[in-house]
Amino acid sequence: MGNVISLDSILGLGELKAPADTPAPAAASGCASSSCGSSDGPADMDPAVWEKVKNHPCYSEEAHHYFARMHVAVAPACNIQCNYCNRKYDCSNESRPGVVSEKLTPEQAIRKIMAVSAEIPQLSVIGIAGPGDSLAAGGKNTFKTFEMLQKKAPDLKLCLSTNGLALPDHVDTIAQYNIDHVTITINMVDPEVGQHIYPWIFHDHKRWTGLDAAKILHERQMLGLEMLTSRGILVKVNSVMIPGINDEHLMDVNKAVKARGAFLHNIMPLISDPAHGTHFGLTGQRGPTAQELKVLQDQCEGGAKLMRHCRQCRADAVGLLGEDRGSEFTIDRIDAMEEIDYDREAARTYREHVEAERAERHASKAAAQADVAETVGTAVDPILIAVATKGGERINEHFGHAKEFQIYEVGPKGAKFVGHRRVDQYCEGGSGDEDALDTVLSAINDCTAVFVAKVGGCPSKKLQAAGIEPVDRFAFEYIEESALTYFKDYAERLGQGAVNARAGQDAVIRTGAFTAKRA
Amino acid sequence: MAYKIKASDCTACGACEAECPNNAISFKKGAYAIDPATCTECKGQFSSPQCASVCPADCCVPA
């Protein structure tokens with residue numbers, strides 16, 4: 001690895017070192033997965049599909065630890081009204097879909113992409129997600145942007161997000177511009193349910209309401225989905241979980257979209273606050289709790305593959321998922337820049353490095369998993385672990401600096417990422433804030449342990465008092481391997497009666513005003 | 001007869017401009033406006049004025 005640039009020098013991730021007990025890839029025996037020792041991707045995935053998704057942070061959970069996305073807000077117009085959206089609202093401190101600080105022309109978008117790609121080598125994907133619908137108003141700005149971009153930066157993946165109403169009209173154009181990732185927001189497959197989510201749609205030169213609107217939207221969504229998947233375009237389906245309206249129904253949505261070839265299903269919690277001025281916000285419709293969301297996601301396992309790492313980012317978000325560097329790239333700053341050359345040498349080096357690291361990781365994870373399966377057996381229930389990380393799938397963030405915690409479920413079957421929890425920054429300018437610590441505790445209340453690079457004495461005591469074990473002995477090591485090592489030790493302590501199982505706890509999903517900025 | 005855009009409620013999303021069958025809507029000095037000379041209120045063209053039907057802020061109204 002001597003000639004490979006270190007991840008640190010590109011990312012500033014802190015100390016980079018291999019996990020202490022990582023076997024050399026060739027020595028990994030007893031490996032259960034066919035992907036062992038290679039970067040071929042999961043055993044259940046077509047290699048051609050893996051090639052498309054492996055560097056896409058939204059389509060691959062693994063990739064989201066390494067690669068960054070950028071949304072360009074060139075599509076402000078929309079063709080439907082959703083009860084969870086208020087298009088009059090715009091706030092720089094708000095992190096949720098449909099919100100932007102600046103709308104861009106396609107030309108401005110290209111300049112912004114050039115500026116960002118020069119500074120962020122992890123950038124692999126350019127998406128258009130609104131702030132309205134990318135295909136409303138004829139999709140004019142969306143396709144103009146992609147047409148220019150395809151010529152200027154052919155190595156960047158293109159993707160777009162839509163409510164699906166206009167989708168069937170644009171599938172040929174989507175294929176023409178090599179947009180091989182499309183997200184459709186599908187909240188229902190039954191118009192009876194849909195009429196409570198969509199007050200109106202604009203279709204065929206007419207505003208439709210009620211059941212008629214939901215019926216048309218549903219038919220267009222299903223048609224668009226089928227047209228895309230029959231052309232081999234990967235489709236992710238986003239669904240907003242609205243308790244009491246479509247929560248149980250989303251299991252039917254999962255089956256329906258799987259049957260039509262959707263690659264991934266992303267069930268997201270409703271973001272609802274009276275201050276947003278949305279219909280649901282004003283009527284007091286609540287969002288789900290963390291456990292309600294996880295239970296629904298778990299019930300959908302076995303159907304369309306679930307995405308659990310979505311950060312519900314803004315239509316102008318820039319950076320790794322969970323961070324937003326959009327404010328570093330304002331129109332004023334970009335307009336003031338001289339002509340920017342498209343140079344992706346750093347990005348190429350970074351991608352090579354990630355490829356090599358992934359191959360090693362697949363082997364070390366499999367070895368750790370085999371060890372747990374052998375020593376623990378299957379009698380111990382899985383536990384949840386909260387992790388403070390700033391990328392690279394390492395435990396490399398201080399407890400007090402964490403803007404979110406990634407949640408891993410670890411048990412006899414292995415360790416997997418199951419979600420994330422946003423939190424206020426506990427540590428502001430060196431001194432801890434009591435209320436903020438309570439926010440963190442309620443956000444990770446269903447976890448047995450929290451893995452951190454470092455944690456102060458006071459929050460450490462509070463965590464222990466709340467029954468959550470603070471763990472800093474895996475600082476800067478890989479998350480999954482550390483989680484498995486911890487689980488092995490936990491199972492032993494459980495057997496000795498030295499620790500109690502933490503079952504039946506729930507946690508709060510934080511959705512208030514907050515933008516994760518790079519520390 | 002023509003429609004107008006209430007500037008105070010407009011989010012400048014441009015949905016109306018794309019739907020207008022008469023190209024009567026344009027973006028000038030930071031705001032969308034309807035040219036009363038070319039606006040027909042979509043009479044004889046569609047069942048309702050297209051700008052008002054698509055507007056998310058309901059700000060396209062009779063002048």
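Predicted model: local features only at pLDDT ≥ 70, side-chain atom pairs only at ≥ 80, totals over all residues.
Select helix 10 of chain A, residues 290-300, and colour Ala290(A), Leu293(A), Lys294(A), Leu296(A), Gln297(A) and Cys300(A), which are buried (20 or more other C-beta atoms within 10 Å of the residue's own, with C-beta atoms placed from the backbone; exposed means 12 or fewer, partly exposed in between). Helices here are DSSP runs of H or I with at least four residues, strands are runs of E with at least two, and both are numbered from the N terminus.

Residues are numbered from 1 along each chain as written, and chains are lettered from A and ligands numbered from 1 in the order in which they are written.

Next, show what covers these buried residues, including strand 8 (234-241) and helix 8 (250-259) of chain A. Then select Gly302(A), which follows helix 10 and has a positive phi, near 100 degrees.

Now colour domain 1 (33-335) and domain 2 (377-495) of chain A; the bounds come from an automatic or database domain assignment. Helix 10 gives the most to the side of domain 1 that touches domain 2, with three residues.

Finally, select chain B. Its elements run β-α-β-β-α-β from the N terminus on.

Definitions and conventions: Contact = placed C-beta atoms within 7 Å.
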